[in-house]
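Visitor: I would like a close look at one part of this model. Please also set it beside the rest of the chain.

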Amino acid sequence: MAEDKESTSQPLSQSGDDPEDPAKSPPNSPSSSTRKACYGVLQSWLSKKFMTGCVVLFPVAVTFFITWWFIQFVDGFFSPLYARLGINIFGLGFITSLVFVFFIGIFVSSWMGATVFWIGEWFIKRMPLVRHIYSASKQISAAISPDHNTMAFKEVAIIRHPRVGEYAFGFITSSVVLQRDNVDEELCSVYVPTNHLYIGDIFLVNSEEIIRPNLSIREGIEIIVSGGMTMPQLISPVERAPRQGDRIPLNRIV
């Protein structure tokens, strides 16, 4: 019986190779390595092209979604009125809203419209919570207003802030003269947004130390709202035109 066990156990220990032993496992064939390399290249190419398509379609989809939402939102002001009259034409309420806004602009530009608007604004500014929202919204609308009134942003400014070698984008809102014992100093009130446009800090900076780039107010707002992604590749300062009363250095006189 012992001899039978030895005869039966000996072939089992000697039969076959261990598949888990890497030294005894058969080597990979060249065809399988080529197949894996081609699969990796194809996977990388597909993922790259897919991400390129996402990058291209994302701003288009966002623009289309916001535009569609805006059209539906504005169209909803007058579309219920047309629905009661039995007129169901999509976009008619949107066109009516645009015409309504146009005539509101004409009305407010007149003396009577400005008076009515001032009375309504007087009531709004005395509401506890609404007045803060209204003031912030009015500052933003005044900044891009085509009238260029006293509340609008005057110029885009670049100031040295917060440390030497660092700069911050801002908007010149007004100017003030600081009276000293020996000389008067002209300061500009520069509004530097810290949270989009409606929250920021105000700095009084010497007018000679302000860098005035060749950017419009709209371009400055786009740079701040986009987080600097619309920053142009090259920014050059604009020469400030001398005003009446400014002193011209002797080296500039030809």
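Visitor: How far apart do the end C-alpha atoms of residues 91-119 lie, and what percentage of the span is helix?

Guide: The end C-alpha atoms of residues 91-119 lie 33 Å apart, and the span is 93% helix and 0% strand. Helices (H or I, at least four residues) and strands (E, at least two) are DSSP runs, numbered from the N terminus. This is a predicted model: local features need pLDDT of at least 70, side-chain atom pairs pLDDT 80 or more, while totals for chains, interfaces and linings use all residues. Residues are numbered from 1 along each chain as its sequence is written, and side-chain values use heavy atoms, without hydrogens or water.

An unreviewed UniProt entry annotates 91-119 as "transmembrane region", along with 50-71; such annotations may be inferred rather than shown by experiment. Residues 50-71 are 100% helix and 0% strand, with end C-alpha atoms 31 Å apart.

Now the sheet. Four strands form an open, antiparallel sheet in the order S1-S2-S3-S4 (pairing takes at least two DSSP bridges). S1 (155-160) and S4 (199-206) are the edges; each has a single partner strand, so one side of each lacks a neighbour in the sheet. S3 (residues 184-195) and S4 are joined by 8 bridges. There, Val192 stands opposite Asp201 in S4.

Helix H6 (residues 217-225) packs on the sheet and touches S1, S2 (167-179) and S3 (contact: heavy atoms within 4.5 Å). Its buried residues are Ile217, Gly220, Ile221, Ile223 and Ile224 (buried: under 20% relative accessible area, 1.4 Å probe, protein chains only). They cover an arc of only 160 degrees around the axis, so they sit on the same side of H6 (the arc uses directions from the helix axis to the C-beta atoms). Just after H6, Gly227 has a positive phi of about 75 degrees.

Note on methods. Axes fitted to C-alpha atoms, helices over the stretch in contact; angles between N-to-C directions. Buried < 20%, exposed > 50% of the residue type's maximum accessible area, 1.4 Å probe, protein only.
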